[in-house]
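Subject: A structure to look at, with notes

Dear colleague,

Please keep it open while you read.

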Amino acid sequence: MRKIIGFAGSHVLYFLADRVDEVMNKTGSKRLFPVYRKLLVRSAEVENWGGGGGAWGPLWAKQR
C-alpha cells in the first residue's frame, strides 16, 4: 500500500510541478520557481518514502 501511495503521490506532485513550469514559461516569470522547486523535491521525497519506482525511478536507475 505504501508503494502505491508513494507512486501516485510522486506522480501527482510531478504533474503539478510541470503545470507550474508551463505557467512560468508562458508568462516569462520566475516568481513561481520556489513553488516549482518545492513540488519537485516533495515528489522525490514521497517516492523515497514509498520505496521508489515512482516518477523519478527511471532517472535514478540510469545514474547508478
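This is a predicted model: local features need pLDDT of at least 70, side-chain atom pairs count only at pLDDT 80 or more; totals for chains, interfaces and linings use all residues.

Residues are numbered from 1 along each chain as its sequence is written, and side-chain values use heavy atoms, with hydrogens and water left out.

As for the overall plan, the chain has three helices and zero strands, and from the N terminus on its elements run α-α-α. Helices (H or I, at least four residues) and strands (E, at least two) are DSSP runs, numbered from the N terminus. Of the 64 residues of the chain, 27% count as buried. The chain exposes about 4800 Å², of which carbon and sulfur atoms supply 63%; accessible areas come from the Shrake-Rupley method with a 1.4 Å probe, and for residues only the protein chains shown count as cover. Among contacts in the chain with a separation of 6 or more, 57% are between residues 24 or more positions apart, where contact means heavy atoms within 4.5 Å.

Helix H1 deserves a careful look. H1 has 26 residues and reaches 37 Å from its first C-alpha to its last, close to the 38 Å expected at 1.5 Å a residue, the expected span being 1.5 Å times one less than the number of residues. Within H1, the residues Gly-6, Ser-10, Leu-13, Ala-17, Val-20 and Met-24 are buried, and the buried residues of H1 pack against H2. After H1 comes Gly-28, whose phi is positive, near 75°.

Which residues make up the largest nonpolar core? Its seven residues are Leu-13, Ala-17, Val-20, Met-24, Tyr-36, Leu-39 and Leu-40. The elements that give two or more residues to this core are helix H1 (2-27) and H2, and the largest share, four residues, comes from H1. A nonpolar core is a set of buried Ala, Val, Leu, Ile, Met, Phe, Trp, Tyr and Cys residues joined through side-chain atoms within 4.5 Å. In soluble globular proteins, nonpolar side chains tend to be buried together.

Leu-13 lies in helix H1 and counts as buried because its relative accessibility is 19%. Not counting residues up to four places away in sequence, Leu-13 touches Leu-39, Arg-42, Ser-43 and Val-46; the C-alpha atoms of Leu-13 and Ser-43 are separated by 5.3 Å, although these residues are 30 apart along the chain. Met-24, leaving aside its neighbours within four places in sequence, is in contact with Ser-29, Lys-30, Leu-32, Phe-33 and Tyr-36.

To return to the charged side chains, a search of the whole structure finds four salt bridges. Asp-18 pairs with Arg-19, with their closest N and O atoms 3.0 Å apart, and Lys-26 meets Glu-22 at 3.7 Å, N to O. Lys-26 and Glu-22 are four residues apart in helix H1, about one turn of the helix. Lys-26 is exposed at 67% relative accessibility, whereas Glu-22 is partly exposed at 34%. Asp-18, Arg-19, Glu-22 and Lys-26 are linked in a network of salt bridges.

With best wishes

Note on methods: Buried means under 20% relative accessible area, exposed over 50%, partly exposed in between (1.4 Å probe, protein chains only).
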